[in-house]
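This report describes one protein chain and its surface features. The sequence and structure come first, and the description follows.

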Amino acid sequence: MDLPSFLWLWRIAAWSMGLSLTAYGVLGLTGWGMWRGRGEGRSRPPWLRPLHLTLGFTLVALVLLLLTVGIVGTLGYYGTLGHSWHLGAGAGVVLLVLASAATGLNLYRLPQGRSLHITINSLLLVGFIAVSLSGWAVVQKYLPGASP
């Protein structure tokens, strides 16, 4: 496929990745705010948990959109998957985001729910760094003058 016909797809990916990183950062801030308030014995503002949950669901949707765009774009351009370590890094991020959502929604049912949720989200930071670095290498392949 010709690059211009896929330009709209790469724009979706770029925006989705930027919004995913933004959501992850704000989730970290709101999570820290809930943790800090609990540690100090204060009640949290009534808007904080709904905001955290909404951002979490948004992050899940954005990461699944990125997965879809990556698969469609790679199959459309190359005809197969697995041309770089970006596939593994992306799959890892998808799994970590889904695990984070699952633990976050079940904090009170799991004995170590909060610590597991925080650990997964710490690993997610490493995953986002890996997927960003590998994604940058992938983007270079699609630039004019690059060959598949």
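Which helices each supply at least two residues of the lining of the second largest pocket? They are α1, α2, α3 and α4. The model discussed here is predicted.

## Overall architecture

The protein contains four helices and zero strands. Its elements follow the order α-α-α-α along the sequence. Helix α1 covers residues 3-39 and α4 covers 113-142, while α2 runs over 48-78 and α3 over 86-105.

The C-alpha trace spans about 60 × 25 × 20 Å along the principal axes. The chain has 148 residues, and 30% of them count as buried.

## The largest pocket

The volume of the largest pocket is about 940 Å³. Its lining is made of 34 residues, and those nearest the centre are Ala13, His86, Gly135, Val138 and Val139. Two or more lining residues come from each of α1, α2, α3 and α4. Helix α4 has the largest share of this lining, with nine residues.

By class, the lining of the largest pocket holds 24 nonpolar residues, nine polar ones and one charged.

## The second largest pocket

The second largest pocket holds about 790 Å³ of space. Its lining consists of 30 residues, with Leu27, Gly31, His52, His117 and Asn121 lying nearest the centre. As stated above, α1, α2, α3 and α4 each supply at least two of the lining residues. Here the most comes from α1, which gives nine residues.

The lining of the second largest pocket divides into 16 nonpolar, 10 polar and four charged residues.

## The nonpolar surface patch

Helices α2 and α3 each provide at least two of the patch residues, and α2 gives the most, with four.

Is Leu81 buried, partly exposed or exposed? Its relative accessible area is 38%, so leucine 81 is partly exposed. The reasoning rests on two cut-offs, because buried means under 20% relative accessible area and exposed means over 50%, with partly exposed in between.

## Two further positions

Leucine 7 belongs to helix α1. Leucine 7 counts as partly exposed because its relative accessibility is 38%. Where the chain brings in glycine 73, 66 residues apart from leucine 7 along the sequence, the C-alpha atoms of the two residues are separated by 9.8 Å.

Glycine 41 sits in the loop between α1 and α2. With a relative accessibility of 67%, glycine 41 counts as exposed. Glycine 41 and isoleucine 120 are 79 residues apart along the chain, and 25 Å separates their C-alpha atoms.

## Summary by element

Helix α1 contains leucine 7 and gives the most to the lining of the second largest pocket. Helix α2 gives the most to the nonpolar patch. Helix α3 supplies at least two residues of that patch and at least two residues of the lining of the second largest pocket. Helix α4 provides the largest share of the lining of the largest pocket.

Key
Residues numbered from 1 in each chain as written. Predicted model: local features only at pLDDT ≥ 70, side-chain atom pairs only at ≥ 80, totals over all residues. Heavy atoms only, no water. Buried < 20%, exposed > 50% of the residue type's maximum accessible area, 1.4 Å probe, protein only. 1 Å grid on protein atoms, 1.4 Å probe; cavity = no way out; pocket = protein on both sides within 12 Å on 5 of 7 lines; lining within 4 Å. Points joined across faces, edges and corners; volume = space filled by probe spheres on them. Nonpolar A, V, L, I, M, F, W, Y, C, P; charged D, E, K, R; others polar.
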